[in-house]
Amino acid sequence: MIPEKRKTVQRKLSNQLKTARKWQADSLPLALRFLKKKSICVTEACTGSGKTRHGCNVAASLLAKGDVSLLVILAPSNAIKRGWVQTLKLYGVNSCDGTEK
């Protein structure tokens with residue numbers, strides 16, 4: 001990711017974190033610490049609790065720090081995939097949702 005884009009993601013992440021739920025804010029550093037040791041992280045929470053947003057916080061943090069340049073996110077349905085794509089846009093992260101021709 002180019003430095004200017006990384007700064008944009010970092011700024012938008014900072015704005016998003018201001019309204020994060022307590023569990024999202026508390027678990028972000030834990031997820032990032034875990035991902036330094038492993039290459040996969042799973043978040044389990046109730047429906048509607050903000051897992052997608054938490055995942056986007058983690059993804060944007062990794063991209064903004066330059067720890068990764070590519071993320072692969074698997075979703076069980078097109079509706080959830082579209083939710084990820086829309087939420088990542090709030091962070092300034094462009095995504096390929098697999099429908100481009």
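Trainee: Why is the pairing of Asp26 with Lys22 called a salt bridge?

Mentor: A salt bridge is a side-chain nitrogen of Lys or Arg within 4 Å of a carboxyl oxygen of Asp or Glu, and the closest N and O atoms of Asp26 and Lys22 are 2.6 Å apart, so the pair meets that definition. The structure holds one salt bridge. This is a predicted model, in which local features need pLDDT of at least 70 and side-chain atom pairs count only at pLDDT 80 or more, while totals for chains, interfaces and linings use all residues. Residues are numbered from 1 along each chain as its sequence is written, and side-chain values use heavy atoms, with hydrogens and water left out.

Trainee: Which residues make up the largest nonpolar core?

Mentor: A nonpolar core is a set of buried Ala, Val, Leu, Ile, Met, Phe, Trp, Tyr and Cys residues joined through side-chain atoms within 4.5 Å. The largest has ten residues, among them Val9, Cys56, Trp84 and Val93.

Trainee: How do you know that Cys56 is in contact with Trp84?

Mentor: Contact means heavy atoms within 4.5 Å, and, leaving aside neighbours within four places in sequence, the residues in contact with Cys56 are Trp84, Thr87, Leu88 and Tyr91.

Methods. Buried < 20%, exposed > 50% of the residue type's maximum accessible area, 1.4 Å probe, protein only.
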